[in-house]
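Please look through the structure below. The text that follows goes through it in short steps.

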Amino acid sequence: MRPTWQGNLKLALVLVPVKAYPAARVRTVSMNQLHEECGSRVRYQKMCPVCDRVLERKEIVRGYQHSKDQYVLIDAGDLKKLRLPSLRTLDIVQFVDETEIDPLHYHGSYYLAPGGPVATGPFHTLLRAMRMAKRVAIAQVALGGKEKIVAIRPGDGVLVMSFLHYADEVRQISEIDDLPEETEADSAESAMASRLLEHYTKPLDLAAFEDKYRRGLLEIIEAKSRGQEVVTPPQVEPRRVINLVDALKSSLARIEAESAAEPSRKTG
């Protein structure tokens with residue numbers, strides 16, 4: 001795996017060279033758009049509506065619209081004038097308890113590893129100090145044409161850097177139209193709901209989950225590539241339960257019945 005960013009992790013006067021590696025990947029089934037009549041792949045061309053012709057890549061520049069149909073052109077020279085320290089430095093500005101960060105702000109993560117043999121000692125010293133203090137570092141870094149705020153927490157031999165949304169990027173709940181007010185909870189319903197939650201509470205194991213849609217789609221693609229007819233069983237719609245009390249009672253009764261049958265299955 002190749003690093004996507006190289007720079008320095010800075011804490012006060014301590015400067016540690018680091019490399020950033022993507023911590024996750026989005027796995028999808030890629031599709032192309034084809035012309036149904038001949039099966040050719042559809043091409044997308046960038047047209048100028050005034051000149052009425054297809055443009056080459058070198059003819060296209062970037063511009064910021066500051067008013068209707070008025071643009072300020074931005075070129076590579078302008079971008080070089082941005083001498084932000086965060087272009088090559090992750091400057092730690094403070095440490096916080098991880099519980100202070102609302103998960104709503106997290107998006108996208110990277111692994112930070114030492115940037116070379118010389119950086120290994122200082123890197124692991126900082127890693128161990130953060131692990132012992134149980135603290136998360138807050139820093140800023142310029143990536144993808146934007147200065148981003150990040151949370152850096154200790155991982156297994158690496159630091160884990162996660163991007164955080166700025167406060168003004170997270171929508172307020174008050175923006176939801178016609179949001180009903182929270183109703184008064186019924187004690188009996190709450191007790192049954194708590195029992196149901198307790199039954200389903202267990203340690204998280206993400207390895208137990210899979211993208212069934214992606215797997216099924218790949219199976220269909222494989223079958224069709226072999227000329228096989230794809231046959232799927234009819235989908236059974238779940239029975240809708242309108243009454244919450246009835247739904248809770250039925251759920252708990254099913255759980256109790258399964259629990260009672262569990263010992264007999266083990267001995268049988």
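Leu-218 is placed in helix α4, which covers residues 212–225; the model is a predicted one. With a relative accessible area of 38%, Leu-218 is partly exposed, because that class lies between the 20% limit for buried and the 50% limit for exposed residues.

Ser-162 is found in a strand, β11, made of residues 159–164. Its relative accessible area is 2%, so Ser-162 is buried, the cut-off being under 20%. The side chain of Ser-162 makes a polar contact with the side chain of Ser-109, at 2.8 Å. Leaving aside residues up to four places away in sequence, Ser-162 touches Ser-109 along with Tyr-106, Gly-108, Ile-149, Val-150, Ala-151 and Arg-153.

The whole chain can be described in the same terms. There are 11 strands and five helices in the chain. Of its 268 residues, 18% are buried, and Ser-162 is one of the buried residues. The accessible surface of the chain amounts to about 22100 Å², and carbon and sulfur atoms hold 54% of that area. Among contacts in the chain with a separation of 6 or more, 58% are between residues 24 or more positions apart.

Technical notes: Residues numbered from 1 in each chain as written. Predicted model: local features only at pLDDT ≥ 70, side-chain atom pairs only at ≥ 80, totals over all residues. Heavy atoms only, no water. Helix = DSSP H or I, 4+ residues; strand = E, 2+ residues; numbered from the N terminus. Buried < 20%, exposed > 50% of the residue type's maximum accessible area, 1.4 Å probe, protein only. Polar contact = N/O pair within 3.5 Å; in protein donor to acceptor, adjacent residues only side chain to side chain. Contact = heavy atoms within 4.5 Å. Areas by Shrake-Rupley, 256 points an atom, 1.4 Å probe, with all protein chains shown as cover.
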